[in-house]
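Keep the view open as you read.

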Amino acid sequence: MAYTPHKPPAAETAEQLRERIPGWGADLDPADRPSVPKLQFQEDLSGAHWEFPERQPEKVPRERSIEHAFLTPVFGTSCPPRGLSGAIRRLSYRRYSEARAAHWLLLVLADRVDAWESHLRSFATLRPDNPITETGVRSEFSHHGLRSRLGVQRADLPHQALDPVIVAGPWVAAAWVTYAGSRRVARALRR
Amino acid sequence: MRAMVYRGPYKLRVENKDVPAIEHPNDAIVRVTLAAICGSDLHLYHGLMPDTRVGSTFGHEFIGVVEQVGSSVRNLAPGDRVMVPFNIFCGSCWFCARGLYSNCHNVNPNATAVGGIYGYSHTCGGYDGGQAEYVRVPFADVGPSRIPDWMDDEDAVLLTDAVPTGYFGAQLGAIAEGDTVVVFGAGPVGLVAAKSSWLMGAGRVIVIDHLEYRLAKARTFAHAETRNFTEYDDIVVEMKRTTDHLGADVAIDAVGAEADGNFLQHVAAAHYKMQGGSPVALNWAIDSVRKGGTVAVVGAYGPIFSAVKFGDALNKGLTLRMNQCPVKRQWPRLFEHLRMGYLKPSELVTHRFPLEHIAEGYHVFSAKLDGCIKPLVVPSAA
């Protein structure tokens, strides 16, 4: 017990556990645990035959953290920044280090702008966004949506009805503020 | 090729994309034969990870066949069946040279605080992932391994993240013989962490979740005691009660950024993205473990600050240990455990979705429908 010096007695002995659970104690010795100790010099460099890798060509300007000394020798080339969201991303990388909240909050803002830009852009294509197919919501019918929720205790159920309000609320409020502000400005200009 | 494409929070579809090209002499192009959706993919899907761009392809758990190799690749050849760790790593930077493959400094220009991960936003390097027919695999001589002949594909794909991460979580706990270990989260990672705790000599393993079907799996797969936290007014008090008010020796957070169980935390993180994650499970871990104990974190959190009860960790003299798992470092020992029959990862698989139906796969996994624990994705070119 916590209030006395000795640990509470174990419910099962090592022999009982070994009998009940396949492999019990196989890694009891920390020497058998692959991540112990934390820092182990890898003499073979894990197969690398370089001390510094060849550099991947930078075909389009690549944004990078200002905490890096230079562009890393290898990098992903998926989805270069574009549009207004791209401008926000570039600003975030150019101006703020990873230590600054502004860096991450600008990237989150850029993500939301990117989603709206892409959504609007999709209407100019032969395949506009389709909320039914893209959210996979049809699986509610094919994968027991009701049965997975009825009669069971789940922490997410009590607030699921509130979730749409929580998500839509700030957007509705922002739309109202924009509308009211615009009206006030327009009135002031008319005077 | 056909590939899953992100269209914004909660939306994705399958599109035609160009087959990836060799961009570096040590690249390989791999034809994906089997992929998985990871619980951490849901953080991207829900728009929680900064710099997740519309048009990107997710997927950091995949296996496949080498189609093409770059001019400097020595260890792989076209036709090899390979399993690819979720970490992209060079093998030679200061961190890789010391086994911290998940912290590689040569693969992620977007951030120094995190290494490179396939299909996991530009914050993790801007690489497309394996929920597609083909994927570019950088540093082919370092990351991928040939799949042993005796290993099942479903075991192999789970060894690219979920299984090593759970096993690594138990190692971070520095478990000693007879320790009481409490694992928060009965998803694939938590289940493996619980099972691995026994391998390291735990005397008692308790798994906590809110989904009864997952707790049932914890009892059979991981031989663990279970608690459904929705049945308790305060799960921390229950943890104290069941450990003679000492607290657990080790607590493992295998939940991460979207933990439920505290409305304000959940809303601030999952809905308003004002935190890097909802640290409900982490705070419960800090409060459930005994003074002087260890909290291991393998649940994924984003880079924005989170409201963690750091004062309790300080005042209790806790050891906090965490990292993304350096997958390849775990493989030799994990392969032994599979051969001995101590671990059978494919027992965690509950669903298999064709790539063309991946939007349904994400929704089923995200909404926890149909008893879903681990969904796999089968590309049409498999």
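This is a predicted model: local features need pLDDT of at least 70, side-chain atom pairs count only at pLDDT 80 or more; totals for chains, interfaces and linings use all residues.

Residues are numbered from 1 along each chain as its sequence is written, while chains are lettered from A and ligands numbered from 1 in the order in which they are written.

Which residues of α2(A) are buried? They are S85(A), I88(A), R89(A), S92(A) and Y93(A) (buried means 20 or more other C-beta atoms within 10 Å of the residue's own, exposed 12 or fewer, partly exposed in between, with C-beta atoms placed from the backbone). Looking down the axis of α2(A), you'd find these buried residues within an arc of 130°, so they line one face of the helix (the arc is that of the directions from the helix axis to the C-beta atoms). They pack against α3 (101–122) of chain A. On the face turned away from the buried side sit the exposed R94(A) and R95(A).

Now hop over to chain B. Its domain assignment gives domain 1 (2–161 + 326–378) and domain 2 (162–322); such bounds come from an automatic or database assignment. The C-alpha centres of these two domains of chain B lie 25 Å apart. Across the divide, 29 residues of domain 1 of chain B are in contact with 26 of domain 2 of chain B (contact means C-beta atoms, placed from the backbone, within 7 Å).

What about the inside? The largest nonpolar core has 139 residues, and F184(B) and I252(B) touch the most other members (a nonpolar core is a set of buried Ala, Val, Leu, Ile, Met, Phe, Trp, Tyr and Cys residues joined through C-beta atoms within 7 Å). Both domain 1 and domain 2 of chain B give residues to this core, so it lies between them. Apart from it lies another core, of seven residues, including I88(A) and I304(B).

Finally, the two chains meet: 89 residues of chain B are in contact with 81 residues of chain A. On the side of chain B that touches chain A, α10(B) gives the largest share, seven residues.

Note on methods
Helices (H or I, at least four residues) and strands (E, at least two) are DSSP runs, numbered from the N terminus.
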